[in-house]
Amino acid sequence: MLTTLLQNVINALQWGSFYSMIALGYCLVYGVLRLINFAHGDIFMVAAYIGFVFVGFLLKFMPGSGMYGWLVLAITLPVTMILTSMLGVFIERVAYRPLREKGAHRLYVVITALMVGLVLENGNLAIFGASSRKFPEIIDKVVFTFAGVRITNLKVLVIVTAIVIFIFLQTVVNRSKIGMAMRAISYDKFGIPLMGIPVNRVVVFTFIVGSSLAAIAGVLFGMSYPVLDPYMGMIIGWKAFIAAVVGGIGDIKGAFLGGFMLGFIEILIVSFFSSNLKDLIAFTILLIILVIKPTGFFGVAKSTKI
Amino acid sequence: MLEVKDLKVRYGNIEALHGISFTVNKGEIVTLIGSNGAGKTTTLLSLSRLPKPEAPTVVSGDIIYNGESLLKTPPHEIVSKKKIALVPEGRHIFGNLTVNENLEIATYALEKGVDVKAGYDQVYSLFPRLYERRKQRSESLSGGEQQMLAVGRALMCGADFIMLDEPSMGLAPVLVQDMFKAMKVMNESGMTILLIEQNARIALQFAHRGYVINTGEIVATGTGAELMEDPEVKKAYLGG
Ligand SMILES: Nc1ncnc2c1ncn2[C@@H]1O[C@H](COP(=O)(O)OP(=O)(O)OP(=O)(O)O)[C@@H](O)[C@H]1O
Ligand SMILES: [Mg+2]
């Protein structure tokens with residue numbers, strides 16, 4: 001009984017980690033631009049494919065096991081982060097910035113973001129076709145057993161990574177210059193150029209960080225659940241987005257904890273009901289939370305954003 | 001130092017300034033007075049080169065600063081390169097940052113090697129209240145303190161030309177006096193000031209020269225004392 005419970009906790013932590021890493025991307029961009037980047041889930045998907053292609057490329061030169069496997073991962077992660085960031089910055093540049101400069105209404109921006117997502121999905125479909133791809137196995141699986149609870153090295157990696165990312169982001173946002181600019185812009189965008197700071201520099205930085213997080217999540221997700229398809233970013237992206245909103249979008253801690261909250265809710269439902277009901281019940285719970293507390297769990301109406 | 005030449009600007013299709021010209025010389029306090037909707041804020045936003053949609057578009061005319069046109073300068077460079085700071089209408093301080101952080105963020109665009117500490121010292125000696133509240137979230141400041149902070153931020157930017165948009169707005173009379181005295185101190189230490197006011201009496205009293213703006217046009221100019229004696233100005237802006 002206790003073993004099952006702990007096993008579930010570990011699964012919840014793993015899924016929560018994925019949701020959190022993606023939710024943080026929504027949160028950062030929202031905090032800085034008040035823009036819900038609906039393409040973010042698809043950026044995550046593209047990142048998984050970039051990782052897939054790049055790992056395939058590396059495996060031509062080195063074996064995907066033992067120390068080499070970790071080396072493959074160590075090279076793939078930064079490369080995927082860079083390429084995904086370039087995609088994120090490109091999207092910002094061609095899709096969002098022109099609208100911002102014209103002062104377009106939010107509605108148009110949201111629709112643009114949704115369309116960017118569709119372009120990414122269908123672009124991917126055009127390149128890789130409809131059949132799903134299998135992410136190669138690069139890390140030798142090690143299973144640790146504590147008191148009957150099983151946890152793989154990969155799960156540990158996922159959970160630790162999510163926590164490290166969170167701590168890193170908190171540090172950047174609270175202690176660095178650019179982080180202070182991000183906090184400031186979330187409160188008053190008008191004031192930023194008056195301080196001699198180019199608004200677009202802050203925006204680009206934000207997209208780089210958000211996309212890099214999606215890249216890390218994408219590669220780790222590909223390694224954990226190796227079947228990739230062009231629509232994989234859609235559901236997980238929506239879920240992460242909702243988790244971010246429930247946590248209090250615009251607040252890093254909120255997005256992070258929101259992701260884990262969703263992970264736990266889902267796993268709890270699966271262990272007590274049928275997994276068919278998982279999304280229905282999970283979303284209903286989130287909906288109720290939002291109705292009761294529209295600013296989200298940790299969001300304080302307008303003040304502590306980012 | 002600053003020369004605005006026949007500047008016409010519009011918001012969308014509506015022309016808000018119909019060709020205004022004025023100059024500000026180094027070391028001066030020049031005030032632009034006018035009633036609601038006259039185009040005062042519009043003038044400052046145009047000078048700051050802030051982007052649309054917040055700010056108006058220049059249709060014709062020119063803004064010459066130290067011999068160079070500002071029309072192609074991006075807004076952050078107006079501050080970081082040209083050293084012109086704006087204390088905007090509505091203050092726009094960063095309420096989620098502390099007082100000290102608000103001052104710190106104003107130093108980010110400064111060149112390396114600038115003495116930042118001297119900046120803090122100057123601001124905190126000019127506005128001791130800010131020093132008392134330096135660790136406080138700035139949205140918890142009173143209106144007057146927020147205004148001081150907005151001015152302090154402009155000083156931290158390393159500007160030698162400051163434009164202030166109605167610094168007296170919403171302040172109690174004693175605070176208005178304090179604010180103008182602080183401006184005087186700043187001016188005496190070499191700061192050139194372009195001051196926008198609805199409170200014409202106090203503005204003309206402190207300024208070397210003034211311009212009167214009315215529905216997008218300059219309608220009168222002179223020294224502070226001259227404008228104060230001008231019958232039209234008296235009637236329209238000084239309450240008879
Ligand atoms: N964003 C905007 N879009 C369209 N018209 C605007 C905009 N901002 C100002 N205006 C118009 O431009 C004119 C000048 O406005 P401005 O804000 O410069 O006045 P002001 O002199 O600063 O007045 P106040 O003393 O009330 O601040 C007004 O007629 C105003 O309605
Ligand atoms: Mg105004």
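Student: Quick one to start: what share of the 306 residues of chain A counts as buried?

Tutor: In this predicted model, 54% of the 306 residues of chain A count as buried.

Student: And what share of chain B is buried?

Tutor: There, buried residues come to 55% of 240.

Student: Okay, secondary structure. How many helices and strands does chain A have?

Tutor: Chain A has eleven helices and four strands. Its radius of gyration is 19 Å, close to the 19 Å from the globule rule for 306 residues, so chain A is as compact as a globular protein of that length. The C-alpha atoms fill a box of roughly 60 × 50 × 40 Å along the principal axes.

Student: How many helices and strands in chain B, then?

Tutor: Chain B has ten helices and ten strands. With a radius of gyration of 17 Å, close to the 18 Å that the globule rule gives for 240 residues, chain B is as compact as a globular protein of that length. Its C-alpha trace spans about 45 × 40 × 30 Å along the principal axes.

Student: What about contacts in chain A, how many join residues at least 24 apart?

Tutor: If you take contacts between residues at least 6 apart in sequence, 78% of them in chain A join residues at least 24 apart. For chain B, residues 24 or more positions apart account for 69% of the contacts with a separation of 6 or more.

Student: Where in chain A is confidence lowest, and where is it highest?

Tutor: Confidence in chain A is lowest in helix H11 of chain A, residues 278-292, at a mean pLDDT of 83. Helix H8 of chain A, residues 199-224, has the highest, at 97. One stretch to treat separately is residues 301-306 of chain A, where the pLDDT is below 50. Beyond near neighbours in sequence, that stretch has 22 contacts in the model.

Student: And the average over chain A?

Tutor: Chain A averages a pLDDT of 91, and 97% of the residues score at least 70.

Student: Now some single residues. Is His40(A) buried or exposed?

Tutor: His40(A) is buried, at 2% relative accessibility. You'll find His40(A) in helix H2 of chain A, residues 40-58. Leaving out residues up to four places away in sequence, His40(A) touches Ile22(A), Gly25(A), Tyr26(A), Gly210(A) and Ala214(A).

Student: What about Gln147(B), buried or exposed?

Tutor: Gln147(B) is buried, with a relative accessible area of 2%. That residue lies in helix H6 of chain B, residues 143-156.

Student: Which residues is Gln147(B) in contact with, leaving aside neighbours within four places in sequence?

Tutor: Gln147(B) is in contact with Val87(B), Arg91(B), Glu166(B), Pro167(B), Leu171(B) and Met179(B).

Student: What is the phi of Asn66(B)?

Tutor: Asn66(B) has a phi near 50°, a positive value in a residue other than glycine. Asn66(B) is in the loop between strand S4 (57-65) and strand S5 (68-69) of chain B, and at 53% relative accessibility it counts as exposed.

Student: Last one: how many residues of helix H1 of chain B are buried?

Tutor: Nine of its nine residues are buried, and helix H1 of chain B covers residues 40-48. Among them are Lys40(B), Thr43(B), Leu45(B) and Ser48(B).

How values were computed:
Residues are numbered from 1 along each chain as its sequence is written. Chains are lettered from A and ligands numbered from 1 in the order in which they are written. This is a predicted model: local features need pLDDT of at least 70, side-chain atom pairs count only at pLDDT 80 or more; totals for chains, interfaces and linings use all residues. Side-chain values use heavy atoms; hydrogens and water are left out. Helices (H or I, at least four residues) and strands (E, at least two) are DSSP runs, numbered from the N terminus. The radius of gyration is taken over C-alpha atoms; the globule rule is 2.2 Å times the number of residues to the power 0.38. Buried means under 20% relative accessible area, exposed over 50%, partly exposed in between (1.4 Å probe, protein chains only). Contact means heavy atoms within 4.5 Å. pLDDT is the predictor's confidence in each residue, from 0 to 100.
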